[in-house]
Every structure is written in structure tokens, then in C-alpha cells.
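Hi there,

Here is the structure I promised to pass on to you. Have a look at it first, and then read my notes below.

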Amino acid sequence: MKKLGELPLDLAERLELPEDVVLGSGKLTVTGERRVLAENHRGILEYSPEHIVVAFARGKASINGTALCLNAMNGRELLISGRIQSVEWS
């Protein structure tokens, strides 16, 4: 018998859907060293031109660099630009 927490993953697999669609889990897309798109975020925890921390349902992402700027944000996505030096997930 499957555990309750495994059901969404099983559903995603059976319907051949990406996990982030079913679970609403966070997704980061890094384009070169200039842009980061964060999907399914839960808000910004820290913000400075050198360090931005984004909250997700299952952790957080730390974006480090220089001249970091929040270009766009809505309830589901946010776009960060600048010179991206590192991205850490915890």
C-alpha cells in the first residue's frame, strides 16, 4: 500500500505530467549568468543587490551575484536579473 505522500507523485507519473504541475513544487530556470526565473515561489525572504533568497514550499533558493534586480513578480513567478555567480538550493 502506498503512503499518502506518494500519491501525487504516482498521479504525475501515470498522467505523464511534470511533478511541478501536480505538486506545485518550486522550479528555477537559470539562463546563462544573467537571469533566473523562479516558478511556484512563496515570496522573497532576503533581498540585496548581492544576495536574494526565494522561499518555496519545499525549501529555499539563494541567488548570489552582483547588480541583482527583481524585474517582475506575481503570485507564481519572479524574474531576477544581474550577474549571477551562484545558485544554492536548501
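This is a predicted model: local features need pLDDT of at least 70, side-chain atom pairs count only at pLDDT 80 or more; totals for chains, interfaces and linings use all residues.

A polar contact is a pair of N or O atoms within 3.5 Å; within protein, one of the two must be able to donate a hydrogen and the other to accept it.

His41 lies in strand β3, which covers residues 41-47. Its side chain reaches the backbone nitrogen of Gly43 at 3.1 Å. Is His41 buried or exposed? Buried means under 20% relative accessible area, so His41, at 7%, counts as buried. Setting aside residues up to four places away in sequence, His41 touches Val54, Ala55, Phe56, Met73, Asn74, Gly75, Arg76, Glu77 and Leu78.

Let's begin with Phe56. With the residues up to four places away again not counted, Phe56 touches His41 as well as others, including Ala38, Ala61 and Trp89. Phe56 also belongs to the largest nonpolar core, which has 11 residues in all, among them Val36, Ile63 and Leu78. The elements that give two or more residues to this core are β2 (35-39), β4 (51-56), β5 (59-73) and β6 (77-89).

Now for Met73, which is found in strand β5. Met73 counts as partly exposed because its relative accessibility is 45%. Apart from neighbours within four places in sequence, Met73 is in contact with His41, Gly43, Ile44 and Leu78. Along the chain Met73 and Glu39 are 34 residues apart, and their C-alpha atoms are separated by 10.0 Å.

Enjoy exploring!

Best wishes

Notes: Residues are numbered from 1 along each chain as its sequence is written. Side-chain values use heavy atoms; hydrogens and water are left out. Helices (H or I, at least four residues) and strands (E, at least two) are DSSP runs, numbered from the N terminus. Buried means under 20% relative accessible area, exposed over 50%, partly exposed in between (1.4 Å probe, protein chains only). Contact means heavy atoms within 4.5 Å. A nonpolar core is a set of buried Ala, Val, Leu, Ile, Met, Phe, Trp, Tyr and Cys residues joined through side-chain atoms within 4.5 Å.
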